[in-house]
Amino acid sequence: MNAKKHFQDNITFLFLFILAVLYLTPIFIVLMNSFKGRFFISDAPFALPNVETFVGIKNYFSGIAKTGFIQAFGYSLFITVFSVAAIVLFTSMTAWCITRVKSKVSSLLYYLLVFSMIVPFQMVMFTMSKMANIMRLDNPVGIIVIYLGFGAGLSVFIFSGFVKSIPREIEEAATIDGCNPIQTFFLIILPILKPIIITVAILNTMWIWNDYLLPYLVIGSNYKTIPIAVQYLQGGYGSRDMGAMMAMLVLAIVPIVIFYLTCQKYIIKGVVAGAVKG
Amino acid sequence: MQKMPNKYYAFFTLPTIIAFVISFLIPFLLGIYLSFTEFTTVTNSQWVGVSNYIRAFTDDKNFLNATIFTVKFALVSVVLINVFAFTFALLLTRKIKGTNIFRTVFFMPNLIGGIVLGYIWQLIFNGILINFGVDITYSANYGFWGLIILMNWQMVGYMMVIYIAGIQGIPAELMEAAEIDGANSWQILKSITIPMVMPAVTICTFLTVTNSFKLFDQNLALTAGAPARASAMLALDIFNTFYGRMGYEGVGQAKAVIFFLFVALVVLLQLRSSRSMEIEN
């Protein structure tokens with residue numbers, strides 16, 4: 001029995017190992033091609049660079065210059081960090097308030113927010129981008145408001161589920177001690193919310209960092225985030241610089257991989273918690 | 001805290017409400033209204049009744065094709081992604097060495113954005129297809145299976161971690177009892193593991209269905225609908241209708257409303273049917 005289990009485990013390990021190598025292959029192919037000359041990529045993407053095709057990091061220079069990648073990285077970082085911060089702060093406040101204060105306004109708000117989760121983006125993209133334009137939200141600061149509005153549904157939903165599990169006695173004790181609701185929330189509730197804040201922050205970071213269509217429609221003509229910069233390289237027919245493209249794909253993946261490897265534990269936990277609640 | 005003075009209630013809810021009204025609620029209501037009008041800007045619109053809805057299907061076959069393509073894509077990808085994810089999860093809960101590294105690797109593609117994923121796979125598919133003298137835009141079938149492979153690469157790891165959590169949540173006593181009763185591993189899988197992870201199946205089907213229906217970035221980057229919009233899914237077709245040609249904004253908005261109703265219906269039906277398969281606790 002033991003020998004059989006041992007054998008099965010080895011087969012499973014071998015199978016998973018081959019699968020893992022296959023899983024990583026696409027990324028290695030892109031990395032490898034990013035060091036080849038632009039005309040040697042499309043024809044033979046699986047060939048290793050050789051003396052003739054190797055160009056060092058030339059593609060990276062041309063890609064960065066063509067797309068304004070440094071700026072794009074800055075915009076992506078700015079928009080993601082501040083949108084996620086705004087979403088976490090404001091939706092946790094809202095979720096706590098509407099969960100605790102039972103009123104018609106609270107339940108209307110809750111149902112509207114939950115409803116917004118099933119509405120596909122295409123339903124509102126045209127009118128929303130016009131609204132953003134009219135209200136002067138079509139810049140990297142204004143788009144934070146848009147992200148707060150779109151992220152509110154899922155985030156309030158997840159926070160509300162968690163708030164229900166916090167005993168009311170804690171808040172009542174705080175009120176008796178003379179805390180007003182603002183003090184109660186920031187001094188008592190917010191620290192308790194910490195694990196779920198990480199979940200909400202991670203889910204929203206993954207969404208906003210990779211989001212293409214929303215920023216493209218709202219700010220895309222003046223400010224390029226990373227996905228917009230990559231798509232921009234596509235250019236007109238036939239004129240695509242494959243070398244620059246490969247280099248930009250690598251540069252777009254690197255920050256994500258670093259983020260993933262440093263906070264892997266929280267990301268996987270957050271995704272599971274978010275999925276189970278959502 | 002059953003009651004809260006209004007000024008505090010406003011303090012807690014207004015920032016979210018304002019952002020929500022500006023970016024979602026008004027655009028949503030305005031979108032429904034505009035789908036019954038002909039317009040080029042939001043402020044200049046003329047009521048045309050349901051003609052946009054009719055034109056969505058009659059002006060060309062794009063919307064109908066996109067609907068069929070999307071439904072087929074959703075069906076195939078939901079089944080494949082969940083079967084693979086569940087299989088991976090079973091293999092990764094056998095307590096073999098390297099489990100954590102495998103999990104890390106399988107989950108990683110999920111964090112890469114759709115546009116970047118699309119171009120990574122475009123390179124690979126075209127690199128293979130060039131040997132046959134064609135590329136991914138040669139036929140809608142290539143685009144279809146290309147998207148299926150891409151989405152599996154992206155989503156299987158995500159669903160896998162949800163299934164792993166589900167499998168690990170099964171009480172050990174159940175497994176032991178079954179083993180003592182002499183159940184083989186197939187019987188355990190069929191009578192214990194699968195019924196016990198039904199809640200995870202609900203979640204994963206829900207996520208894969210909604211993701212498949214709303215797919216846009218990957219579709220845009222991989223084929224952009226080529227050849228001749230035959231591989232365009234619903235979201236991309238709506239985008240093309242809005243921004244591809246002048247004078248079709250109303251039709252685009254009507255398509256968007258149909259798309260919304262369609263997604264809402266699918267979500268409701270799916271949640272109802274899989275909830276009924278879960279075990280009552």
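# A guided tour of chains A and B

Begin with the two domains of chain B: their centres, taken over C-alpha atoms, are separated by 32 Å. The bounds used for domains here come from an automatic or database domain assignment. Before you go on, note that this is a predicted model, in which local features need pLDDT of at least 70, side-chain atom pairs count only at pLDDT 80 or more, and totals for chains, interfaces and linings use all residues. Residues are numbered from 1 along each chain as its sequence is written, while chains are lettered from A and ligands numbered from 1 in the order in which they are written.

**Stop 1: the two domains of chain B**

Select residues 18-49 of chain B for domain 1, then 60-275 for domain 2. Where they meet, nine residues of domain 1 of chain B are in contact with six residues of domain 2 of chain B. Contact here means that the C-beta atoms of two residues, placed from the backbone, lie within 7 Å. On the domain 1 side, H1 and strand S1 (37-41) of chain B are the elements that give two or more residues. S1(B) gives the most, with four residues. Helices (H or I, at least four residues) and strands (E, at least two) are DSSP runs, numbered from the N terminus. Sorted by class, this side of domain 1 has four nonpolar, four polar and one charged residues. For these classes, Ala, Val, Leu, Ile, Met, Phe, Trp, Tyr, Cys and Pro count as nonpolar, Asp, Glu, Lys and Arg as charged, and the others, Gly among them, as polar.

**Stop 2: the loop between H10 and H11 of chain B**

Now select B:Pro227, which is found in the loop between helix H10 (217-222) and helix H11 (234-244) of chain B. The peptide bond that leads from B:Ala226 to B:Pro227 is cis, with omega near -5 degrees.

Move along to B:Ala228, also placed in the loop between H10 and H11. Phi of B:Ala228 is near 50 degrees, a positive value in a residue other than glycine. Is B:Ala228 buried or exposed? B:Ala228 is exposed, because 11 other C-beta atoms lie within 10 Å. The cut-offs are these: a residue is buried if 20 or more other C-beta atoms lie within 10 Å of its own, exposed if 12 or fewer, and partly exposed in between, with C-beta atoms placed from the backbone.

Then pick B:Arg229, in the loop between H10 and H11 of chain B. Phi of B:Arg229 is positive too, near 65 degrees, again in a residue other than glycine. B:Arg229 has 20 other C-beta atoms within 10 Å, so B:Arg229 counts as buried.

**Stop 3: B:Asp135**

Jump to B:Asp135, in the loop between helix H5 (114-129) and helix H6 (140-168) of chain B. It counts as partly exposed, because 17 C-beta neighbours lie inside 10 Å. Leaving aside neighbours within four places in sequence, B:Asp135 is in contact with B:Asn126, B:Leu129 and B:Ile130. If you also select B:Val50, you can see a pair that is 85 residues apart in sequence and 40 Å apart in space, C-alpha to C-alpha.

**Stop 4: chain A as a whole**

Colour chain A by secondary structure: there are 13 helices and zero strands. Its C-alpha atoms fill a box of roughly 75 × 70 × 30 Å along the principal axes. The radius of gyration of chain A is 24 Å, whereas a compact globule of 278 residues would have one near 19 Å. That radius is taken over C-alpha atoms, and the globule rule is 2.2 Å times the number of residues to the power 0.38. Of the 278 residues, 45% count as buried.

**Stop 5: where the chains meet**

Show both chains together: 68 residues of chain A are in contact with 73 residues of chain B. Helix H1 (residues 2-33) of chain A brings the largest share of the chain A side, eleven residues. By class, that side has 50 nonpolar, twelve polar and six charged residues.
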